[in-house]
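User: Hi! Could you help me find my way around this model?

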Amino acid sequence: MKAVLFEQFGQPPRVQNVPDPAPSAAGVVIKVEATGLCRSDWHGWMGHDPDVVLPHVPGHELAGTVLAAGSQVTRWKKGDRVTVPFVGGCGHCHECNSGNHQVCEQQFQPGFTAWGSFAEYVAVDYADTNLVALPEELDFATAASLGCRFVTSFRAIVDQGRVKPGAWVAVHGCGGVGLSAIMIATAMGANVIAVDLTEEKLAFAQEMGAVATVNARASKDVVGAVKEITKGGAHVSIDALGSPATCFNSIANLRRRGRHVQVGLMVGDHARASVPMAQIIAHELEIYGSHGMQAFRYQDMMAMIRAGKLAPQKLVGKHISLDEAPAALMAMDRFEGIGIGVITRF
Ligand SMILES: [Zn+2]
Ligand SMILES: [Zn+2]
């Protein structure tokens with residue numbers, strides 16, 4: 001099969017012919033029909049993720065059809081249209097048994113713990129626990145865009161953030177995670193403030209439902225601006241980018257007893273960001289992470305998509321080919337373009 005492969009961290013990946021994958025006993029092989037481009041792939045390529053073993057094929061936001069199933073798989077067969085969350089739970093550890101597959105102790109992550117979906121085919125383990133059937137009306141490109149940023153934002157807003165109707169929600173960073181969070185929080189009845197560096201992304205954020213915006217390049221005081229708009233601070237705030245500045249602002253702009261959810265990755269030099277701990281104590285702030293979402297939680301999200309309350313297809317940006325993927329991957333840290341780029345030609 002054709003796959004995007006890199007042999008050294010930070011060196012240009014190339015499209016190469018590699019052996020076709022075979023399913024594990026509990027896994028499947030999926031014919032990839034669409035796979036999203038994500039900054040996490042860029043981190044993996046740069047060597048920021050300790051799970052990545054060289055040589056490596058990136059790609060973790062995928063949708064496609066089941067091509068072959070292992071001997072222990074009972075729920076899936078050839079031809080099924082499916083997607084997966086980027087964190088796949090093993091289905092039998094303590095965390096999985098408690099319903100928290102997103103923090104499984106033996107988690108399977110395509111494109112990180114194994115070769116990923118920048119390829120014609122991808123092997124996915126623990127299929128019965130993690131595969132999600134696609135509704136007929138959901139196209140592959142939109143389905144692929146769900147698996148990482150959209151589901152992580154859904155969990156961040158709904159399960160971790162516990163956003164209530166009427167609440168003020170600040171979203172720092174309007175890339176794929178941020179735009180997803182804005183759409184989902186708006187659907188939950190919240191009032192969303194979008195924060196970003198460019199007017200172009202802030203305008204798109206307003207189209208996704210943001211009722212106010214703060215340009216972090218033009219404003220000297222992002223925290224003050226959010227507190228002014230909300231008359232006291234956000235009830236829930238999301239760092240959708242992952243940087244020391246957005247993390248700090250997202251906590252500092254909360255009202256008393258507010259809730260911060262860190263979604264943007266903090267790796268490499270940013271792994272130990274400073275936080276306003278005195279404020280966290282005095283105002284009883286809550287600090288959460290959000291890391292993917294369990295496959296069984298897709299049901300509620302899919303219901304909102306089918307009902308038209310969530311429209312993830314609006315977040316799909318450019319469609320590109322596998323041959324164009326190496327250059328696109330190497331450029332992922334430059335925040336270019338709007339929406340989620342998807343490989344749909346193999
Ligand atoms: Zn991703
Ligand atoms: Zn597990």
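User: How many bridges join β3 to strand β15?
Analyst: Two bridges join them, and the strands run antiparallel. Strand β15 covers residues 340-345, and in β15 the bridge partner of Thr35 is Ile343. Two strands count as paired if DSSP finds at least two bridges between them. Strands (E, at least two residues) and helices (H or I, at least four) are DSSP runs, numbered from the N terminus.

User: Before we go on, what kind of model is this?
Analyst: It is a predicted model, where local features need pLDDT of at least 70 and side-chain atom pairs count only at pLDDT 80 or more, while totals for chains, interfaces and linings use all residues. Residues are numbered from 1 along each chain as its sequence is written, chains are lettered from A and ligands numbered from 1 in the order in which they are written, and side-chain values use heavy atoms, leaving out hydrogens and water.

User: Okay, back to β3. What does it do with β4?
Analyst: β3 and β4 run antiparallel and are joined by seven bridges. Val28 has Ala69 as its bridge partner in β4. β3 also pairs with strand β6 (residues 121-124), in the antiparallel sense and over four bridges. There, Val29 stands opposite Ala123.

User: What holds strands together in a sheet, anyway?
Analyst: Backbone hydrogen bonds do, and the pairing can be parallel or antiparallel.

User: Is β3 mostly covered or mostly open?
Analyst: Mostly covered: seven of the nine residues in β3 (residues 28-36) are buried. Buried means under 20% relative accessible area, exposed over 50%, and partly exposed in between, using a 1.4 Å probe and protein chains only. Take Val32, which lies in β3. Val32 counts as buried because its relative accessible area is 2%.

User: Which residues is Val32 in contact with?
Analyst: If we leave aside its neighbours within four places in sequence, Val32 is in contact with Ala63, Ser117, Ala119, Glu120, Tyr121, Val122 and Phe346. Contact here means heavy atoms within 4.5 Å.

User: New topic: metals! What coordinates the zinc ion (ligand 1)?
Analyst: Cys38 (SG), His60 (NE2), Glu61 (OE) and Cys148 (SG) do, at 2.0 to 2.3 Å. Donors are N, O and S atoms within 2.8 Å of the metal (3.2 Å for Na, K and Ca), and sites may look incomplete, as water is not among the atoms. The site of ligand 1 is tetrahedral, with angles of 95 to 122° among its four donor atoms.

User: Where in the chain are Glu61 and Cys148?
Analyst: Glu61 is in the loop between α1 (39-46) and β4 (62-69), and Cys148 is in helix α4. The pair is 87 residues apart and links distant parts of the chain. Both Glu61 and Cys148 are buried.

User: And which residues are the protein donors of the zinc ion (ligand 2)?
Analyst: Four cysteines: Cys90, Cys93, Cys96 and Cys104, each through SG, lying 2.3 to 2.4 Å from the ion. Along the chain they follow the spacing C-x2-C-x2-C-x7-C.

User: Why is that arrangement called tetrahedral?
Analyst: Because the four donor atoms around ligand 2 subtend angles of 101 to 118°.

User: Are Cys90 and Cys93 buried or exposed?
Analyst: Cys90 counts as buried, at 4% relative accessibility. Cys93 is buried too, with a relative accessible area of 6%.

User: What's the strand order in the open sheet of six strands?
Analyst: The order is β10-β9-β8-β11-β12-β13, with parallel pairing. β10 (212-215) and β13 (286-289) are the edge strands, each pairing on one side only. Inside the sheet, β8 (residues 168-172) and β9 (residues 191-196) pair over five bridges, and Val169 stands opposite Val192 in β9.

User: Last one: which residues of helix α10 are buried?
Analyst: In α10 (residues 298-306), those are Tyr298, Met301, Met302, Met304 and Ile305. They are on the same side of α10 because they cover an arc of only 160° around the axis. That arc is taken from the directions from the helix axis to the C-beta atoms. On the other side of α10, Gln299 and Arg306 are exposed.

User: What covers the buried residues of α10?
Analyst: The cover includes β5 (81-83), β7 (132-133), α4 (140-160) and α5 (176-187). After α10 comes Gly308, with a positive phi near 85°.

Technical notes
Four donors count as tetrahedral if all angles lie between 85 and 135 degrees; four count as square planar and six as octahedral if opposite donors are over 155 degrees apart and all others between 65 and 115; anything else is irregular.
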